[in-house]
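Here's a quick briefing to read alongside the coordinates. Have a look at the model first, then go through the notes by topic.

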Amino acid sequence: LVLIITQPDNSTTILTTLIFIVLLFIGGLSYKIVLSVMGITIPIVIVALSYIITHAQKLAKDYYPIRRIMAWIDPSNPDYSSTAYQQTNSIMAIGSGQLRGKGLNNSVVTSMKNSNYISEPQTDFIFAVAGEELGFLGCCLIVALEFLIALECIMVGKNARDVSGTLICCGMAALIAFQSFINICVATGLMPNTGLPLPFVSYGLTSLISL
């Protein structure tokens, strides 16, 4: 984790930590210990966010993740509007798709994607394109498919002959589930911008082959 965060890559560090926690739990760690750690971690995160908000101006200059957090908390603030630009337009794109969307690969001039309001939409914000072109129903389909892939990994792990097989399968299920969850939360404005692709959907041959 130290090697990843010093790159720096905060989002992958968080994702890997979550996978480690799942593997420890699957490996036999008591749920009481997991709940105890969560009980300590959650208040620390709340205190950290409070500190970031009160010292935002100073911290944001030296540490870009703080700027992203502040852009998520207060996107209308002129100091962070440029950082919040991509995420704000992503939310607008998803909302504009309504129930059925504007059509796959449409040529509508008012499309957020066609008007380049979402830069590099094929990568981290591919879910915004799906929301605009396929609508709420298309988004639900993507979420369901990601969930079914993760569920299939768990079912394979459940039938594995040894513990190592179970850990591998559950680790992959955690990777797909958490990465999908974080990506969709970012695209819909429920989390600060992180930079994680959506498994099996975002453009990128390396990501696709490795998954």
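**The largest pocket**

Lining the largest pocket are 42 residues, and nearest its centre lie Ile14, Leu18, Thr41, Val45 and Met191. A pocket here is an open set of points on a 1 Å grid over the protein atoms alone, with protein on both sides within 12 Å along at least five of seven lines, and lining residues have an atom within 4 Å of a point. Keep in mind that this is a predicted model: local features need pLDDT of at least 70 and side-chain atom pairs count only at pLDDT 80 or more, while totals for chains, interfaces and linings use all residues. Residues are numbered from 1 along each chain as its sequence is written, and side-chain values use heavy atoms, with hydrogens and water left out.

**More on the pocket**
- Its volume comes to about 1500 Å³, counted as the space filled by probe spheres set on the points, with grid points joined across faces, edges and corners.
- α2 (10-26), α3 (31-54), α5 (64-73) and α8 (163-187) each put at least two residues into the lining.
- The top contributor to the lining is α3, with twelve residues.

**Overall build**
- The chain has nine helices and zero strands (DSSP runs numbered from the N terminus: H or I of at least four residues for helices, E of at least two for strands).
- Along the principal axes, the C-alpha atoms fill a box of roughly 55 × 45 × 30 Å.
- Of the 211 residues, 34% are buried (under 20% relative accessible area; exposed is over 50% and partly exposed is in between, with a 1.4 Å probe and protein chains only).
- Take the contacts (heavy atoms within 4.5 Å) between residues at least 6 apart in sequence: 56% of them join residues at least 24 apart.

**Surface**
- The accessible surface is about 12800 Å², and 70% of that belongs to carbon and sulfur atoms (Shrake-Rupley method, 1.4 Å probe).

- Asn89 sits in helix α6 (residues 81-96), and it counts as buried because its relative accessibility is 7%.
- Leaving out neighbours within four places in sequence, Asn89 is in contact with Met112, Tyr117 and Ile118.
- Gly204 is in the loop between α8 and α9 (205-210), and its 24% relative accessibility is why it counts as partly exposed.
- Gly204 and Gln122 are 82 residues apart in sequence, yet their C-alpha atoms are 8.8 Å apart in space.

Conventions. 1 Å grid on protein atoms, 1.4 Å probe; cavity = no way out; pocket = protein on both sides within 12 Å on 5 of 7 lines; lining within 4 Å.
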